[in-house]
Amino acid sequence: MAFLEWSDSLSVKSRLLDTDHKRLIELINKLHDASLDAQNRAGAEAAIALLVDFTKTHFIHEETLMRKTAYPQFIPHKIEHDRLIKQIEDFRARYAAGQVGLSQDSIVFLRTWLCDHITKVDTYLGAWLAKHASLITE
Ligand SMILES: [Fe+2]
Ligand SMILES: [Fe+2]
């Protein structure tokens, strides 16, 4: 069984957001796998980099959709995104400098953050996007 599994309870009823969230789950699982092999620092650094980069990409996707549809909760939602980016960037730098390891606590933190953010914050965005689909043009 994977460290974090996708389930319908994580769907925010937006195909685009769900697709990104599934990718994030995949990357958290890769990071978890990397954490089980303490000797493979290069593998862990690569897994951290993939997760940081895709998290940024995903947040840009959401923030672009929020702007396009004049989402009323844009600012508090973006504050949560910015805070996590800062934390994971900071972690990437400290890991690269050999100041911290890839602990189970840090991966459990990411899993909890993602699931909480999806179910408590992104859910509202998904519902809003469904109602304002006409404002979203490619
Ligand atoms: Fe999200
Ligand atoms: Fe979000």
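Modeller: Angles under 35 degrees count as roughly parallel, over 145 as roughly antiparallel, 65 to 115 as roughly perpendicular and the rest as oblique. This is a predicted model, in which local features need pLDDT of at least 70, side-chain atom pairs count only at pLDDT 80 or more, and totals for chains, interfaces and linings use all residues. Residues are numbered from 1 along each chain as its sequence is written, with chains lettered from A and ligands numbered from 1 in the order in which they are written.

Biologist: How are helix 1 and helix 2 oriented to each other?

Modeller: Helices here are DSSP runs of H or I with at least four residues, numbered from the N terminus. Axes are lines fitted to C-alpha atoms over the stretch in contact, and angles run from 0 to 180 degrees between N-to-C directions. Helix 1 and helix 2 pack with axes 9 Å apart at an angle of about 165°. The two helices are therefore roughly antiparallel.

Biologist: Is Leu-4 buried or exposed?

Modeller: Leu-4 lies in the segment before helix 1 (15-35). A residue is buried if 20 or more other C-beta atoms, placed from the backbone, lie within 10 Å of its own, exposed if 12 or fewer, and partly exposed in between. Because Leu-4 has 21 C-beta neighbours inside 10 Å, Leu-4 counts as buried.

Biologist: What span does helix 3 reach from its first C-alpha to its last?

Modeller: Helix 3 covers residues 74-96, which is 23 residues. The expected span is 1.5 Å times one less than the number of residues, 33 Å for helix 3. Helix 3 comes close to that expected span, reaching 33 Å.
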